[in-house]
Amino acid sequence: VQLQASGGGLVQAGGSLRLSCVFSGSIFSNNVMGWYRQDPGKQRELVAAVTSGGSTNYADSVKGRFTISRDNAKNTVYLQMNSLKPEDTAVYYCNVISLGPAGVKYLYWGQGTQVTVSS
């Protein structure tokens, strides 16, 4: 399974960006797709996730500003980021957790895409 993220860039505070992540290969129908971010010197943190059933989860810092969605027909997960703040600056990574039989989890990561928000 390979994931390809895109959509990062430089934007002014208050602006918007939409990240996309396309995956190729086979995953189990029971899965979770998500976006994480990482600043240099800090741990990677969950930004948002969406299950194959459509349930979503967001970090408190992005609730009300970011929206995660998925298009299963296109094997793509999106992250719409509005009202961006300088503290949203980070490298953003997409991932897929594929939940196999007997509770085995398969984790796949895409390459990062840089998001820079200027003040």
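This is a predicted model: local features need pLDDT of at least 70, side-chain atom pairs count only at pLDDT 80 or more; totals for chains, interfaces and linings use all residues.

**A hairpin, a disulfide and a patch**

**The hairpin**
- Strands E7 (residues 66-71) and E8 (residues 76-81) run antiparallel, and six bridges join them.
- Together, E7 and E8 make a hairpin that has four residues between the two strands.
- Have a look at Asn 75 in the turn: its phi is positive, at about 55 degrees.

**The disulfide**
- Searching the whole structure turns up one disulfide.
- The partners are Cys 21 and Cys 94, with an S to S distance of 2.0 Å.
- Cys 21 belongs to strand E3 and Cys 94 to strand E9 (residues 90-99), so this pair ties together parts that are 73 residues apart in sequence.
- The disulfide is right-handed, because the torsion about the S-S bond of Cys 21 and Cys 94 is about 55 degrees.
- You'll find that both Cys 21 and Cys 94 are buried.

**The surface patch**
- Phe 28, Val 104 and Tyr 106 form a nonpolar patch on the surface.
- Together, those three residues have about 240 Å² of accessible area.
- Phe 28 is in the loop between strand E3 (17-24) and strand E4 (31-38).
- With a relative accessible area of 34%, Phe 28 counts as partly exposed, because that label covers values between under 20% (buried) and over 50% (exposed).

Terms used:
Residues are numbered from 1 along each chain as its sequence is written. Side-chain values use heavy atoms; hydrogens and water are left out. Two strands pair if DSSP finds at least two bridges between them. Patches are made of residues with over 30% relative accessible area and no salt bridge: like charges are joined within 9 Å, nonpolar side chains (Val, Leu, Ile, Met, Phe, Trp, Tyr) within 5 Å. Accessible areas come from the Shrake-Rupley method with a 1.4 Å probe; for residues, only the protein chains shown count as cover. A salt bridge is a side-chain nitrogen of Lys or Arg within 4 Å of a carboxyl oxygen of Asp or Glu. Buried means under 20% relative accessible area, exposed over 50%, partly exposed in between (1.4 Å probe, protein chains only). A disulfide is a pair of cysteine sulfur atoms within 2.5 Å.
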